[in-house]
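User: Hi! I would like to learn how to read aromatic pairs and strand order in a model. Could you walk me through it?

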Amino acid sequence: MNATATTETYTLSLHDARPICITLAVNDSVKEPTVVLYTDGACLGNPGPGGWGAVVFDEGEKKLLHGGESNTTNNRMEITAVIEALKTLRTGINVKIYSDSTYVINTMTKNWKRKKNQDLWILLDSEAALRNLEWEWVKGHSGDEFNEEADRLAYQEASIVAKE
């Protein structure tokens, strides 16, 4: 099977920083995502103790990832969940990301302005540039099994951090 590849060039521009050009080779014959992520963030108070969770399906295996911070915001935890999940994956693959965060989804797909959390957006852009990503918003607390699981992981972490 011969794969055809094309290149796509993206320019990342972060406010006053010099634009960065990234050229990626895209395998046109690969249509299905090889990895699926469900991510969520939670915060007890905003700001306050927070947690993030991710459910990762990679090559038939399910992995659960989670972590927390003592003083954070819900938006920071939403972004962190995606970053931490992507960091566990190999580069050059297709990834489908499900999130109930319109903040994350629309910032990455509709170029919403990045007024806060610049440190995390830079990290997310770096991880995203290494993979072919597809983003999909899922309504939170609507019965999606894996979004609910990511939500539980995030809240458990926030609760643990709050007790420390």
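Analyst: Happy to! Let us begin with burial: a residue counts as buried when its relative accessible area is under 20%. Keep in mind that this is a predicted model. Here Tyr38 is buried, and Tyr98 is buried too.

User: How do I read a pair of rings, and how many aromatic pairs does the whole structure hold?

Analyst: The general idea is that a pair of aromatic rings is described by the distance of the centres and the angle of the planes. A search of the whole structure gives four aromatic pairs. In one of them, the ring centres of Tyr38 and Tyr98 are 4.6 Å apart with the planes at 10°, so this pair is stacked. Tyr38 sits in strand β3 and Tyr98 in strand β6, 60 residues apart, so the pair links distant parts of the chain. Both residues also belong to one aromatic cluster with Phe57 and Phe146.

User: What kind of pair do Tyr103 and Trp121 form?

Analyst: That pair is edge-to-face, with 5.4 Å from centre to centre and 65° between the planes. Tyr103 lies in helix α2 and Trp121 in helix α3. Trp121 counts as buried because its relative accessibility is 0%.

User: In which order do the five strands form the sheet?

Analyst: The order is β5-β4-β3-β6-β7, in an open sheet with mixed pairing. β5 and β7 stand at the edges with a single partner strand each, so one side of each has no neighbour in the sheet. Further in, β3 and β4 run antiparallel, joined by nine bridges.

Note on methods:
Residues are numbered from 1 along each chain as its sequence is written. This is a predicted model: local features need pLDDT of at least 70, side-chain atom pairs count only at pLDDT 80 or more; totals for chains, interfaces and linings use all residues. Side-chain values use heavy atoms; hydrogens and water are left out. Rings of Phe, Tyr and Trp (its six-membered ring) pair if their centres lie within 6.5 Å; planes under 30 degrees apart count as stacked, over 60 as edge-to-face and the rest as tilted. Helices (H or I, at least four residues) and strands (E, at least two) are DSSP runs, numbered from the N terminus. Buried means under 20% relative accessible area, exposed over 50%, partly exposed in between (1.4 Å probe, protein chains only). Two strands pair if DSSP finds at least two bridges between them.
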